Amino acid sequence: MSELAARGASRTAWIRSRMPLLAAAKTEFAASQPFAGHRIGMSLHLEPKTAVLLEVLAAGGAEIVATGNHGSTQDDIVAFLREQGMTVHGRRDDTIDEHHANVAAVIAARPTILLDNGADLAAGIVEAGLAETVVGGTEETTSGGVRLRRELAGSVPFPIIVINDSMLKAVGENRHGVGQSVVESIMRITNLMIPGRRFVVAGYGWCGRGIAQYLRAFGGKVAVAEIDELKMFEAALDGYRVAPLADLADWGEVFVTATGFPDIVTPDIIDRLPGGAVLANAGHFPWEIDTAALYASASAVTTLDAAIEQVDLPDGRSIVLLAEGRMVNLAGREPKGNSLEAMDLGFLLQSLSLERVATAASTLDAGAQPVPDDIERTIARRFLTAIGADR
């Protein structure tokens, strides 16, 4: 085993030892072989927790062809997975064009089941005319779910279980997993004090709720930017200042986007930001902060530290951009992503949903749909046992 693969193996060993839900699923799948004869095509962040998920699927008989997401791939994990006989495309320093080529390579392998993140595989499969070879799949994210139900509505003829629709994922992974990991990542990358600092969280979905909660728990002053009246209502009753982003732009010191939609921090917002404002994105796609416009307006861009850029503007202000506007908890310095327990839960949702697709696709509707209720309840019971909730 190469030195790089050995490092990936060592890091994955720690993660694996703290994921009891996936350990149990691996034993079950090894006996039942639900994925025998199937090639699972995956596009998901390639980090140690994902490696454990892929081990579980491989134990169930799956052939794995995988790639990561742009900027979040960890090279030692890629090397480790290749040592396990999996076909894995991608590296941390891939350009966006190389990333698109990696996704195309997974599609070209003609997977029969998709494990998608952002609906890139589903869109590519439909565009390539290969939909008839796909039994079904899963989608991990808010952004992917939105894309399936808008851009791809009516064009996907196979079932896709949207993991992000799950209440378990919403609370366990999005609210607490993302909330904790985004705040931890901002702290680690910037070394800034949270208490007393003014934060604006754009979006009050489950990820935004968690980010706001954890920032306030550390003593941050938190405002929520929203356009949905019901989410504004909820955020206000949760005790946050609530207003459109334009009205909060000159108040905040750190801005975190978590909407799942493009064009949130636009040039008119950038024009209102105070000098020294820090911009971070927690959404799946690097489109919430208009980084192209930010860079285009700059008089100078300076890399201050890993994942920290200072963008000087002609009017004398400087804006700080973290991780080039990509997912701050997975594209930043020494990224850790969500907590082990959150991803043990989330990846068991993936595993059992993929098992349902592999063994009972004919019982599912075509297109995007929520996680079946019986799977949700089974996992809730297992998770409560795993954390010793009755103690």
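Two strands count as paired if DSSP finds at least two bridges between them. By that rule, β1 and strand β4 (residues 113-116) pair in the parallel sense, over three bridges. The model is a predicted one. Within this pair, Met42 stands opposite Leu115 in β4.

β1 also has strand β2 (residues 63-67) as a partner: five bridges join these two strands, which run parallel. Here Ser43 stands opposite Thr67 in β2. To get from β1 to β2, the chain passes through helix α3 (residues 48-59), and this β-α-β crossover is right-handed. Is β1 itself buried or exposed? Four of the five residues of β1 (residues 39-43) are buried, so the strand is largely enclosed by the rest of the structure.

Now turn to another sheet. Eight strands form an open sheet with mixed pairing, in the order β9-β8-β7-β10-β11-β14-β13-β12. Its edge strands, β9 (241-243) and β12 (300-305), each pair on one side only. From one strand to the next, the twist averages 25°. Inside this order, β11 (residues 278-281) and β14 (residues 318-322) run parallel and are joined by two bridges. Val278 has Val320 in β14 as its bridge partner.

Which helices pack on this sheet? Helix α8 (residues 167-190) does so, touching β10 (254-257), β11, β13 (308-312) and β14. The direction of α8 makes about 120° with that of β14. Helix α9 (residues 206-217) also packs on the sheet, where it touches β7 (198-202), β8 (221-225) and β10. The direction of α9 makes about 170° with that of β7.

Note on methods
Residues numbered from 1 in each chain as written. Predicted model: local features only at pLDDT ≥ 70, side-chain atom pairs only at ≥ 80, totals over all residues. Heavy atoms only, no water. Axes fitted to C-alpha atoms, helices over the stretch in contact; angles between N-to-C directions. Contact = heavy atoms within 4.5 Å. Buried < 20%, exposed > 50% of the residue type's maximum accessible area, 1.4 Å probe, protein only. Right-handed = clockwise from strand over helix to strand, strands pointing away.
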